[in-house]
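Visitor: I have the sequence and the model open, and I would like to go through them with you. Where shall we begin?

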Amino acid sequence: MDIFLSAIFSGTSRGAIYALAALGLVLVWRGAGVVNFAQMGQAMFSTYIASTLIAHNYSYWIAFIVALISGGALGALVDLAVMRPLGRKRSSSFLDSPAMRSTVPVIASLGILGVLQAAAGIIWAAEERGFPTPVNSLGLVIGGKSMPFTAFDLFVMGIVFLTLAATTYFFKGTGMGLAMRASALNPEVARLSGIRIGFVRTLSWTISGVASSLAGLLVTPSANLSPNTLDLILIIGFTAAVVGGLDSLLGSVIGGFALGLLISFVNVYDAPEDIFLAILIVLLTVLIIRPQGILGSKGVRRV
Amino acid sequence: MLEIKDLVTEYGSVKALNGVTLSAHEGKITTVIGANGAGKSTLLRTISALEHPRSGSITWKQKSIVGLSPENIVRLGIAHVPEGHAVISELSVEENISMGALFRMRSNKSDVKKATQEMYELFPRLDERKKQLAGSLSGGERQMLAISRALVSRPSLLLLDEPSLGLAPLVVEQIIQTVNDLCRNTGLTVLLVEQNANTALSVADHGVLLSLGTVVADLPAAQMKADVALRAAYLGY
């Protein structure tokens with residue numbers, strides 16, 4: 001029973017992080033039509049910034065805030081410096097065809113990932129370093145009884161639920177959120193309504209950057225920090241987004257939690273080596289039975 | 001008010017507009033009629049900057065608006081209701097309307113509220129369906145919503161693209177009549193693109209007949225309606 005409970009808790013807390021990563025991917029996919037492979041590279045970069053600040057004796061919280069801000073700034077920078085110029089005039093009719101129009105930004109995001117990883121290697125050297133947690137990550141003991149979860153698990157869940165609540169409010173309850181949904185659903189009608197879709201697009205990249213750097217900060221304590229550590233989270237986050245439906249924010253969150261639990265159960269009841277096999281099976285099953293994902297809309301491009 | 005001169009718009013090597021000259025008269029309904037492929041929609045899309053003209057000029061209140069973005073053109077008081085009941089199906093009726101006023105929300109919140117209320121008075125059926133998704137509305141209701149989305153920005157010029165498309169005659173009558181009333185009561189200028197020439201000419205002040213991207217006639221609406229030879233040659237009845 002204890003094993004089961006602890007699998008549930010660690011799965012939920014892991015799932016919360018995957019949900020954030022998936023959310024970041026879906027935000028950019030819906031807002032800009034790009035599958036952003038650089039996302040966790042951006043997160044890795046901002047986590048390094050936090051790690052450097054902590055090494056210079058700044059408090060965890062200052063490092064945390066600075067990392068989120070730089071994550072957002074990096075997201076905006078990717079859009080302004082790379083994606084926007086790419087979206088303008090193309091040099092040849094081949095590059096201007098619809099297929100290339102949607103492919104070029106994706107290839108560019110892979111390039112950005114490479115640049116970020118190389119830059120991190122140059123700046124911070126490629127050796128792994130640890131990353132602290134703000135609260136204890138050992139099993140919590142309450143009234144002499146050890147609990148099946150850690151204080152850090154609770155911290156992660158709390159902060160992710162807060163983020164999800166804030167995101168939901170932003171999209172459903174504010175004018176800017178409405179502008180973002182409208183631009184993603186029908187850019188032409190949005191523009192005719194006076195919505196500045198260029199700004200909205202950059203904002204999608206920014207919010208996605210913040211969400212993924214948050215995922216990076218929360219996941220790194222258990223994985224150590226190196227230029228490549230977060231690649232794994234990208235793969236899991238991407239699977240979560242596809243399982244949930246690439247164009248649904250809620251779906252991506254559900255997909256994240258589902259994968260977190262799956263991984264946790266495989267880890268506990270089977271063997272860690274089988275985790276990727278399990279992920280692959282889930283991904284294939286969803287793609288065969290329901291290619292649009294759990295909550296995705298039909299007619300959306302199939303992955 | 002709106003003056004268009006020698007406008008040329010191309011899709012690849014096809015000239016959709018081949019030197020169009022016309023104007024929309026202040027406080028009047030000008031209708032642009034013509035067969036499929038005459039360039040009617042392209043004309044409206046070029047005015048609202050969804051397409052870029054190759055050459056020619058578009059002047060609004062004595063200033064050129066060529067080269068501006070659609071986002072800025074709506075801020076100058078030109079609202080475009082594109083073809084096909086253009087609403088966002090996944091958003092509610094309420095959200096579709098407030099979308100049209102987002103850009104004035106900060107500068108004039110009280111007027112946005114007032115304008116929104118006016119839309120519900122204009123089309124009471126939208127008021128009843130406020131919370132419903134736009135995708136669940138009937139074709140006529142969707143057209144009303146698309147028009148409300150444009151009007152809530154308080155435009156002085158309304159570009160209306162084929163509002164009758166796919167609608168029952170009775171609904172068309174109601175929508176056209178509403179637009180007509182708006183024009184007569186509030187001084188709204190309307191540029192109405194229609195394939196349904198009879199309906200359009202019955203409410204319009206001026207008629208512009210477009211064929212293969214060029215203006216073949218620009219007459220008072222009544223005169224155009226009476227010109228049997230013209231209709232037979234270009235509209236086929």
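Guide: Let's begin with Asp6(B), which lies in strand β1 (residues 2-11) of chain B. Helices (H or I, at least four residues) and strands (E, at least two) are DSSP runs, numbered from the N terminus. This is a predicted model, in which local features need pLDDT of at least 70 and side-chain atom pairs count only at pLDDT 80 or more, while totals for chains, interfaces and linings use all residues. Residues are numbered from 1 along each chain as its sequence is written, and chains are lettered from A and ligands numbered from 1 in the order in which they are written.

Visitor: What average pLDDT does chain B have?
Guide: pLDDT is the predictor's confidence in each residue, from 0 to 100. In chain B, 100% of the residues score at least 70. For the complex, the predictor gives an ipTM of 0.93 and a pTM of 0.88. The average pLDDT of chain B is 92.

Visitor: Is Asp6(B) buried, partly exposed or exposed?
Guide: A residue is buried if 20 or more other C-beta atoms, placed from the backbone, lie within 10 Å of its own, exposed if 12 or fewer, and partly exposed in between. Asp6(B) is not a glycine, yet its phi is positive, near 50°. Because Asp6(B) has 13 C-beta neighbours inside 10 Å, the class is partly exposed.

Visitor: What is the phi of Gln62(B)?
Guide: Gln62(B) sits in the loop between β4 (55-60) and β5 (63-64) of chain B. With 7 other C-beta atoms within 10 Å, Gln62(B) is exposed. Here too a residue other than glycine has a positive phi, and for Gln62(B) the value is near 70°.

Visitor: Which strands stand at the edges of the open sheet in chain B?
Guide: The 6 strands of this sheet follow the order β6-β7-β8-β3-β9-β10 (chain B), with mixed pairing; two strands pair if DSSP finds at least two bridges between them. Each edge strand has a single partner, so one of its sides is left without a neighbour in the sheet. The edge strands are β6 (78-81) and β10 (214-220) of chain B.

Visitor: Which residue is the bridge partner of Ala79(B) in β7(B)?
Guide: β6(B) and strand β7 (residues 157-161) of chain B run parallel and are joined by 4 bridges. In β7(B), the partner of Ala79(B) is Leu158(B).

Visitor: Which element gives the largest share of the side of chain A that touches chain B?
Guide: The contact takes 15 residues from chain A and 21 residues from chain B. On the side of chain A, α6 (175-185) and α7 (187-192) are the elements that give two or more residues. The largest share, 6 residues, comes from α6(A).

Terms used:
Contact = placed C-beta atoms within 7 Å.
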